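I opened the model to look up a helix pair, the domain layout and the surroundings of a DNA strand. My entries follow.

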2 protein chains.
Amino acid sequence: MSLSERKKRILKAVVEDYIGSAEPVSSKALQGRLDLSVSSATIRNEMNELEQMGLLEQPHTSAGRRPTASGYRIYVNELMGSGDVTQDEAEAIHEKIRKGDEPSNAVSDASKLASQITALPSYAMQAMPGVVTAQRFELVYIDDHTFIIVVLLSNKSVQNRLVTLPTVTKPALLTKLSALFNASFTGKPEGDMTTELIAATERAAGDVTGVTAVIAGFVMEILMRTQVRHTVVSGTSNLLEHPEFQDVEKARRVLGYLSNEQELLRLPAPEADGVKIFIGAENVAEALRDASVVVAKYDAGDNMQGIIGVVGPTRMDYAKVAARLSYIAGGLAKVLAMGVPIGEISGGEDE
Amino acid sequence: MSLSERKKRILKAVVEDYIGSAEPVSSKALQGRLDLSVSSATIRNEMNELEQMGLLEQPHTSAGRRPTASGYRIYVNELMGSGDVTQDEAEAIHEKIRKGDEPSNAVSDASKLASQITALPSYAMQAMPGVVTAQRFELVYIDDHTFIIVVLLSNKSVQNRLVTLPTVTKPALLTKLSALFNASFTGKPEGDMTTELIAATERAAGDVTGVTAVIAGFVMEILMRTQVRHTVVSGTSNLLEHPEFQDVEKARRVLGYLSNEQELLRLPAPEADGVKIFIGAENVAEALRDASVVVAKYDAGDNMQGIIGVVGPTRMDYAKVAARLSYIAGGLAKVLAMGVPIGEISGGEDE
DNA sequence: ATTAGCACTCTCGGCCTTTGAGTGCTAATT
DNA sequence: AATTAGCACTCAAAGGCCGAGAGTGCTAAT
């Protein structure tokens, strides 16, 4: 599918005009916009052909034309320039993401920011693919019935658990177990923590209260949970600002989709670092068939990677949005990759 | 304001019919519903008087009547029975909240649940009023440049921080500092950690690298953050299901309000355990003036308390919603109050 | 105090007309 | 062969009109 230079210019102009106005674009309007010195009739002929090719469509016979999904696709692939981020925005992004002294909230902050500067709902998921292992164990004695398990993970996050038991656990036993766990369980993925190995540790520690099994259980749970993905969604009300979602039914479908974590996990992600765009029916998800998704992937090393994206009408300034998302994703990766304290938080009040 | 028995019955019937149908209620419809043996004309007269009193209103001259905010208020205060929770719902609630083996997510789970069973957007905030202090410190050596700060707080949550420094910190120093912090800083609120006290600790430990100040800084930050409230909002798309929010502008206002954490914090909360209802203009927040808020407070002891509420149209089954929220809040309080491990979590992937 | 009866009001849906934007096509022009 | 002026045609959107129906308020009778 190769378009004449003039067709390209016309398609580009239609897309960009439509993005700005949300109204079908007429041949006369294009004539003013473009500085092609041709009459509106010629432009009409070209538009007609673009319609034959499935790149433009008319809402009804006597209206102007607007891009189809394929039209947007061509625009995105071949015609749009790369949007850039203004000085102000760049500063705002650094301000919000970099300075956030709660690194674990960086992802959620980034999502909020993305929804703000794109005026669209945004979602972010932090994934932990690959295998997470424990690097270091520490058991902190509090009293005979209470102690804390602290685990430093291979991805530099620290997890902890306060354990309260009816049985008595003496500091000496905890010290011994601490050493045994550090000897036997570091560097091992959750799957390698077999019952035999646990039983062996229990014997080695001379534990008769079963506390070894309890600790092992928590450790396994921690390792498992760390692999689970977490998602945030923010700025959902932004969707309602856009004229294409004045239809409540449409808006409901998309917002309903976004509030379902299960569904969200199924959204496709770019393979490598970079931005990917899904236009209208290109989305597998039924609910997103008249929306577009722009999503960026980041990789912060140490098994930490994730995606951050926005959902909006197909009529969207793809260049701008893609540039901003990509910039935010980049900033996020840096913040997360820094050796800066990542482990923190905890407690019932969180999340 | 004391109503005749008959007026009460009529008002009650109007409210309940309107809750079910979303249509203004006519005198004839009431005649069928109520088993008062009076004619529709009599009912009309009564309704007229109720309208004079500001409890009912007509959308236009020749329509039935619906309750005003004051009408709902009287209904809620004096007329409605106490809704009860069905067996099935009770089970679902226990299932979801109790069994959640991630206690720190209990609040967010409860909010999701609330929005599900009420079919309304729901919000929850966990607050930590009162003063949180540290009960126990532990510094875990990892290598010469890395260690973990673990703090057990007075509210039984455990917080941690992975610290990476350019300077060298030997295990011996950490052990010493650990003892000093436990001696000097336990039981003290963040405000009591004066620079003098920190300097004194530094001298006592013979620390020349400044690591003491770094640790103190983190501890203060942890104590401060723990007092900060956290909020969750879920099920926002539910709002759009209700006929009164087919008007996108209205829906946008409410959803916009809900996505602004700052605003949310300003919502009034019940003083003690219990449920409070704010109808229409009773809400101080401008954006909620044509919505109602039902909110329950729970207290899980140990300085952990919070609220969980829903936002919906003024036409809402207050009895049902209040009963369900109250039940959920109760369940949540129990789960959180249990000695069960509360500290856990951490790491960049969370929240 | 209640009620039957009736006139009155107002919304809602359907139908028609007008208006205006924008197109497609044809015939002339370069 | 490509372009263009010109014009007839189409269609959505907005406004006006009408009839139907629901429900009320009021009056006069019980």
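I took helices as DSSP runs of H or I with at least four residues, numbered from the N terminus. Axes are lines fitted to C-alpha atoms, for helices over the stretch in contact, and angles run from 0 to 180 degrees between N-to-C directions.

This is a predicted model, in which local features need pLDDT of at least 70 and side-chain atom pairs count only at pLDDT 80 or more, while totals for chains, interfaces and linings use all residues. Residues are numbered from 1 along each chain as its sequence is written, and chains are lettered from A and ligands numbered from 1 in the order in which they are written.

Helix pair. I looked up α1 (residues 5–21) and α4 (residues 69–79) of chain A; they pack at an angle of about 110°, their axes 10 Å apart. That angle makes α1(A) roughly perpendicular to α4(A) (65 to 115 degrees). I then listed the contact residues (C-beta atoms, placed from the backbone, within 7 Å): α1(A) gives A:Lys8, A:Leu11, A:Lys12 and A:Val15, and α4(A) gives A:Gly71, A:Tyr72, A:Ile74, A:Tyr75 and A:Leu79.

Domains. An automatic or database assignment sets the bounds. In chain A I noted domain 1 (5–79), domain 2 (87–128 + 229–337) and domain 3 (134–227). The centres of domain 1 and domain 3 of chain A, taken over C-alpha atoms, are separated by 65 Å.

DNA strand D. Two or more residues each come from α3 (40–52) of chain A and from α2 (27–33) and α3 (40–52) of chain B.

Methods. Angles under 35 degrees count as roughly parallel, over 145 as roughly antiparallel, 65 to 115 as roughly perpendicular and the rest as oblique. Two residues are in contact if their C-beta atoms, placed from the backbone, lie within 7 Å.
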